[in-house]
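Dear colleague,

Please find below the structure I am handing over to you, together with its sequence. My notes on what was found in it follow.

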Amino acid sequence: HTDMPEEMRVETMELCVTACEKFATNNESAAKMIKESMDKKFGSSWHVVIDVVTMLGINTSCQLDTGFFCVVAD
């Protein structure tokens, strides 16, 4: 679920996928890339959490095809 405008949501999801693919073995670097990009484009105060999806049956629009779960919040 998100309260972001559609354009921001799509851009954020694309950014999450790009960062998780670029830093597939380093969640900290991926989160840093996402946060810095979001802060620069949309203003500071963004928080980013990335983790490997470990729960079976999770069903969320934030689950990425890469097998990671990405939460971005301001």
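**Salt bridges and other local features**

Glu6 and Arg9 both belong to helix α1, where three residues, or about one turn of the helix, lie between their positions. Please bear in mind throughout that this is a predicted model. The two residues form a salt bridge, with 2.8 Å between the closest N and O atoms. Arg9 counts as partly exposed, because its relative accessibility is 29%.

The search of the whole structure gave three salt bridges. Another of them joins the side chains of Glu11 and Lys41, with an N to O distance of 3.0 Å. Glu11 is in helix α1 and Lys41 in helix α2, so this pair ties together parts that are 30 residues apart in sequence. As to accessibility, Glu11 is partly exposed at 28%, whereas Lys41, with a relative accessible area of 51%, is exposed. The cut-off for exposed is over 50%.

A salt bridge is also found between the side chains of Asp39 and Lys35, at 2.6 Å from N to O. These residues are four apart in helix α2, and therefore about one helical turn separates them. Lys35 has a relative accessible area of 30% and so counts as partly exposed.

Within helix α1, which spans residues 6-22, I would also draw your attention to Thr12. Is this residue buried or exposed? Thr12 is buried, because its relative accessibility is 5% and the cut-off for buried is under 20%. Its side chain reaches the backbone oxygen of Met8 at a distance of 2.7 Å.

How many disulfides does a search of the whole structure find? The search returns zero. For a disulfide to be counted, two cysteine sulfur atoms would have to be within 2.5 Å.

Finally, there is a point of backbone geometry at Ser45. This residue is not a glycine, yet its phi is positive, at about 105°. Ser45 is placed in the loop between α2 (27-42) and β1 (47-52). With a relative accessibility of 40%, Ser45 counts as partly exposed.

With kind regards

Notes. Residues are numbered from 1 along each chain as its sequence is written. This is a predicted model: local features need pLDDT of at least 70, side-chain atom pairs count only at pLDDT 80 or more; totals for chains, interfaces and linings use all residues. Side-chain values use heavy atoms; hydrogens and water are left out. Helices (H or I, at least four residues) and strands (E, at least two) are DSSP runs, numbered from the N terminus. Buried means under 20% relative accessible area, exposed over 50%, partly exposed in between (1.4 Å probe, protein chains only). A polar contact is a pair of N or O atoms within 3.5 Å; within protein, one must be able to donate a hydrogen and the other to accept it, and residues adjacent in sequence count only if both atoms are side-chain atoms. A salt bridge is a side-chain nitrogen of Lys or Arg within 4 Å of a carboxyl oxygen of Asp or Glu.
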